[in-house]
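Have the structure open as you read.

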Amino acid sequence: MVKRKSAGDWVFDIVNISIMLLIVLATLYPFITSIAISLNDANDTVRGGITFYPRVFTLLNYELIFQNPLVLNAYTITIARTVIGTITALFFTSLFAFGMAHNNLVGKKLYTALCIIPMYFSGGLIPFFFLIRSLGLMNNFWVFIIPGLVGVWNMILMRTYFKGIPISLEESARIDGANYLTVFFRIILPISTPIIAAIALFIGVGQWNAWFDAAIFITRDELKPMQNILLSVISEAQFAQQMAQFAAEGGGALPGDIGRGAARVNIRSITMATMTVTILPILAIYPFLQKYFIKGIMVGSLKG
Amino acid sequence: MKPASVALNVPIIIQKKKNIITEFLKQIDLQFLVIPAIIHILIFSFIPMYGIIMAFQDFRIGDFPGMSEWAGVRHFVALLADPNFVLVLRNTVVISILKLLIIFPLPIIFAIMLNEVTSKHFKKTVQTISYLPHFISWVVAATLMFDFFSVDGGAVNTALLSLGLIERPIHFFGRSEYFWAMAVITDIWKVLGWNSIIFFAAISAVDSELYEAAEIDGAGRYSKMWHITFATIRPTVILLLVFTVGNLLNVNFEQIMTLTNQMGNAALRETADIISTYVFRIGLGQSRFSFAAAAGLVGSVINVTLLLIANKIAARSGNEVF
């Protein structure tokens with residue numbers, strides 16, 4: 001059947017596509033322009049007008065930030081917490097989900113209740129803070145790993161997936177004498193790539209982007225992850241902005257303004273370089289990620 | 001077996017009890033998969049629950065958790081009398097409702113509209129790009145937004161100035177009266193794509209034959225969009241709505257913290273302070289633990305109440321979640 005497009009249809013399509021393009025532009029523009037500024041000479045950036053590409057290309061901003069030993073250190077911390085945190089959390093959560101997927105699990109109702117209750121009742125930030133302190137996890141790298149070992153949402157998604165696996169596979173293995181661990185690693189895991197990949201992605205991104213735990217539990221500089229370095233940098237940038245606005249609104253020229261002016265420029269370039277470095281791995285693997293997280297969400301939610 | 005058991009109850013009970021423990025031990029290797037996680041949950045989710053009791057006590061450092069001096073509802077009374085808290089409550093409610101009214105429908109509209117585009121390639125590309133802001137932290141998002149709306153050469157101000165719409169740059173993140181709008185705008189930027197995923201998934205489940213049948217019956221484009229596309233995803237919408245309302249007062253803590261320099265920006269505090277940032281400042285910052293716990297509890301109770309109400313309303317149309 002041939003579909004004839006009316007004039008109204010054409011208008012709709014044009015408007016629709018225009019809106020979509022606008023959304024794409026609004027989404028990408030901050031990224032593109034920030035990266036462009038990071039690659040642009042700081043003194044040139046002051047003149048304004050940098051949009052999609054650097055006018056005066058330079059890698060100096062990156063050189064400058066990597067000269068700070070704190071940055072390289074923070075990057076190591078971020079990578080370490082992401083890798084270790086993801087693998088350990090995956091391990092514990094998937095085993096948990098696998099166990100919970102068994103209908104014959106003694107105490108399953110109790111366990112499920114224990115999972116659901118904290119979703120509605122929480123003691124809040126302060127008792128959690130005290131708990132971390134009592135466990136000796138303050139200023140300790142493991143505070144990034146241990147509290148996150150079991151995620152109930154992730155467990156539920158994985159459990160849904162495991163429940164969809166025919167029980168005959170497990171039963172025949174157990175008849176052959178395999179214990180549950182062997183069943184999991186030898187049989188279940190190899191056919192669970194979609195959900196494992198999706199959950200690994202969620203946990204990994206969560207670890208890479210985490211900053212609040214470091215903000216309140218870590219005071220030692222050498223344990224600060226990259227996000228917190230960026231946080232310090234933008235706090236400075238905002239401070240400089242306040243000063244600029246104050247001066248612009250006739251608050252009087254402050255003696256420090258002249259120095260601030262130059263510092264402000266460099267702060268912008270430094271800020272953008274720091275930010276780009278912080279999101280680089282995410283941007284790099286992003287195009288390849290889509291199929292994994294889409295599949296993961298669909299598998300987890302549609303079946304449930 | 002059965003007749004004997006009717007005469008004597010006791011052996012059955014003993015037998016049953018033994019069964020649970022024997023059953024447990026028989027599958028101990030299965031239990032070992034689960035028990036570490038349960039212990040983890042007990043430690044990290046249940047132990048801190050004494051914070052709920054803390055709201056009714058006078059907690060001091062060194063007190064054994066949950067065993068402090070009893071204070072009854074004193075903190076709650078003090079909370080309601082505290083103009084700061086009333087302000088905080090107002091901000092939380094306003095921001096939450098704004099987000100509900102604006103940010104909740106947009107991903108749905110986005111999904112339905114994008115679905116109308118015929119090119120699969122275009123759809124996929126737009127979707128992929130739209131998810132990107134979800135994968136960055138709020139620290140990075142704040143960085144981008146600060147620069148985008150910056151007074152000093154930021155894209156928005158530069159555009160507005162060159163178009164002659166304003167004479168002096170607007171300090172978007174510096175004045176409290178703009179904050180609510182900025183919170184909503186930046187949040188839309190960050191979540192539009194990601195929140196639409198679930199609706200795209202629901203739309204893909206629509207039977208395409210329905211569209212053809214409607215076409216034959218003479219249905220126009222908008223009619224199809226409403227009666228088929230939206231009607232099919234309605235259960236998903238309601239499900240998500242219930243959850244959103246139940247979480248209503250959990251205004252995004254990370255977003256507010258990063259956009260206000262961790263509450264360091266005093267100029268914004270009047271409109272930006274929400275329950276969770278208030279708890280953070282008063283509790284960890286000023287060490288008024290029980291008071292802060294009371295504030296947090298008020299927020300939680302409101303949330304649970306809203307959740308139950310929303311679920312009841314959804315139940316009327318046969319779409320209850322619980």
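## A helix pair in chain B

α13(B) and α17(B) cross in a right-handed way (the near helix is turned clockwise from the far one by less than a right angle). This is a predicted model, where local features need pLDDT of at least 70, side-chain atom pairs count only at pLDDT 80 or more, and totals for chains, interfaces and linings use all residues. Residues are numbered from 1 along each chain as its sequence is written, with chains lettered from A and ligands numbered from 1 in the order in which they are written.

The axes of α13(B) (residues 221-246) and α17(B) (residues 289-316) come within 7 Å and cross at roughly 160°; axes are lines fitted to C-alpha atoms over the stretch in contact, with angles from 0 to 180 degrees between N-to-C directions. That makes α13(B) and α17(B) roughly antiparallel (over 145 degrees). Residues touching here include B:Leu241 and B:Val245 of α13(B) and B:Leu307 and B:Ala310 of α17(B), where contact means C-beta atoms, placed from the backbone, within 7 Å.

## Chain A overall

Chain A has 13 helices and 0 strands, taken as DSSP runs (H or I, at least four residues, for helices; E, at least two, for strands) numbered from the N terminus. Among its contacts between residues at least 6 apart in sequence, 72% join residues at least 24 apart.

## A helix pair in chain A

α4(A) (residues 69-100) and α10(A) (residues 193-209) have axes that come within 9 Å and cross at roughly 140°. The crossing of α4(A) and α10(A) is right-handed too.

How values were computed. Angles under 35 degrees count as roughly parallel, over 145 as roughly antiparallel, 65 to 115 as roughly perpendicular and the rest as oblique. Two residues are in contact if their C-beta atoms, placed from the backbone, lie within 7 Å.
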